[in-house]
Amino acid sequence: MFKKDLSIEFCGVKCENPFFLSSSPVDNCYEMCAKALETGWGGVVYKTLGFFIPTDCSPRFDKLDKESTDFIGFKNMEQISEHPLQESLDSLKKLKQNYPTKTIVASIMGQNEKEWEDLARLVTKSDVDIIECNFSCPQMTSNEMGSDVGQNAQLVKKYCQAVSRGTNLPIIAKMTPNIGDMTMPSIAAIKGGASGVTAINTVKCITGIDLDNMVGKPVINGKSAISGYSGKAIKPIALRFLQQLRDNKELKNIEISGSGGVETWRDALEFILLGASNIQVTTSVMQYGYRIVEDMISGLSYFMDDIGIDNLQELVGKANPNIIPVEDIERNFIIYPKINNDICIGCGRCYVSCFDGAHQALNWDKESRKISLNKDNCVGCHLCSLVCPVQAISKGEIYYRDKNIRDITV
């Protein structure tokens with residue numbers, strides 16, 4: 001496996017690499033975390049602990065698939081750690097003792113100010129490096145915990161202040177995407193003493209209905225409930241929130257741990273380019289195991305080597321300036337699609353999609369099963385290239401509306 005130096009500083013802590021397990025079923029005990037760290041993960045955010053000990057339902061997972069894609073999204077109804085609090089505290093201490101070069105993060109969740117402050121003191125004594133406040137789990141059985149708290153900026157600030165009283169460690173607030181504007185509770189977290197935020201946790205969902213029983217999935221004794229959705233499907237939502245955080249003047253320089261749909265080194269790099277200096281992963285580990293970190297390390301190393309970058313920090317936020325308000329987008333030209341009939345397999349998908357879902361800009365020859373472009377109708381939306389299964393449609397001529405000229409040198 002090809003490796004570069006992927007070390008990066010996060011919340012003042014030097015991390016071996018940016019890849020962490022997020023607080024979830026994948027790091028619920030010492031043995032799991034130890035195996036992950038030995039596989040190459042830079043750190044773990046140990047599964048959220050608290051004074052509340054949940055009883056989880058069975059079954060508690062479901063998935064969303066499409067055609068041949070087996071695992072687009074994942075539904076999880078699991079709550080915080082079911083282990084006794086002292087057992088989790090002992091595991092955290094043991095992890096730091098046995099893996100001193102790795103970054104150990106304690107995720108905590110209280111039900112009131114005293115619990116948050118007490119939990120902060122307890123995990124600090126376990127020698128962890130960072131504390132993450134879980135303000136975002138969407139399936140807690142009490143509205144005093146989880147995403148209901150994360151939607152209330154006043155509570156977020158108050159609980160961050162309580163944690164600050166109980167520790168001298170860096171604090172990050174894990175934010176909920178089940179809110180229109182994440183910047184308000186994020187600002188509150190910073191004002192309460194947090195150094196940064198984790199974005200995002202899972203999105204509230206119903207993945208589907210069991211048609212035989214007419215109940216949501218998974219079916220639990222004839223019933224179901226709304227709970228958290230993760231996996232590849234939520235990556236676009238997570239990236240959107242990262243950009244909005246970076247667009248806010250009060251949050252421009254905060255630390256961000258990015259999560260939500262990371263499966264490959266490319267996914268991780270997208271989060272880094274939008275301002276995250278740390279990456280958290282769960283659902284893809286549940287699919288493929290801890291070994292995926294080896295591919296992430298190797299892929300990111302090769303990318304950095306190809307573009308001549310030795311310091312990962314140079315890539316953090318590189319794409320933020322190129323995401324601009326929609327009203328500032330250039331709209332003065334059309335890029336026409338270019339059709340390569342030597343590659344085209346004559347399936348007709350582009351024609352059907354253009355006629356039924358766009359602007360009827362493709363002509364179809366039934367005998368030759370070839371397509372041609374009608375520029376009078378084409379608006380350059382490029383739906384045709386997106387549905388083409390063999391990449392036979394690419395970008396072609398540019399038409400400048402204000403100059404009424406075509407540039408064929410693209």
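Mentor: Let's start with contact, which means heavy atoms within 4.5 Å. This is a predicted model, where local features need pLDDT of at least 70 and side-chain atom pairs count only at pLDDT 80 or more, while totals for chains, interfaces and linings use all residues. Residues are numbered from 1 along each chain as its sequence is written, and side-chain values use heavy atoms, with hydrogens and water left out.

Trainee: Which residues does leucine 274 touch?
Mentor: Leaving aside residues up to four places away in sequence, leucine 274 touches Leu239, Leu242, Gln243, Arg246, Gly317, Ala319, Asn320 and Ile323. Leucine 274 sits in the loop between α8 (265-273) and β16 (278-281). The numbered elements are DSSP runs counted from the N terminus: helices are H or I with at least four residues, strands are E with at least two.

Trainee: Why is leucine 274 called buried?
Mentor: Buried means under 20% relative accessible area, exposed means over 50%, and partly exposed is in between (1.4 Å probe, protein chains only). Leucine 274 has 10%, so it counts as buried.

Trainee: What makes α1 and α2 roughly parallel?
Mentor: Angles under 35 degrees count as roughly parallel, over 145 as roughly antiparallel, 65 to 115 as roughly perpendicular, and the rest as oblique. Axes are lines fitted to C-alpha atoms, for helices over the stretch in contact, and angles run from 0 to 180 degrees between N-to-C directions. The axes of α1 (residues 30-39) and α2 (residues 85-98) cross at roughly 25° and come within 10 Å. The pair is therefore roughly parallel.

Trainee: Which residues meet there?
Mentor: Tyr30, Cys33, Ala34 and Leu37 of α1 meet Ser91, Lys94, Leu95 and Asn98 of α2. They divide into five nonpolar, two polar and one charged. Here Ala, Val, Leu, Ile, Met, Phe, Trp, Tyr, Cys and Pro are nonpolar, Asp, Glu, Lys and Arg are charged, and the others, Gly among them, are polar.

Trainee: How do you know that the length of α3 agrees with its residue count?
Mentor: The expected span is 1.5 Å times one less than the number of residues. For the 13 residues of α3 (residues 113-125) that should be 18 Å, and the end C-alpha atoms are 19 Å apart, which agrees.

Trainee: Which residues of α3 are buried?
Mentor: Glu115, Trp116, Glu117, Leu119, Ala120 and Val123. Their cover includes β4 (43-49), α2, β7 (103-108), β8 (130-134) and α5 (153-166).

Trainee: What makes aspartate 127 partly exposed?
Mentor: Aspartate 127 has 38% relative accessibility, so it lands in the in-between class. It lies in the loop between α3 and β8, and has a positive phi of about 70° although it is not a glycine.

Trainee: And is histidine 382 buried or exposed?
Mentor: Histidine 382 is buried, with a relative accessible area of 12%. Histidine 382 also has a positive phi of about 70°.
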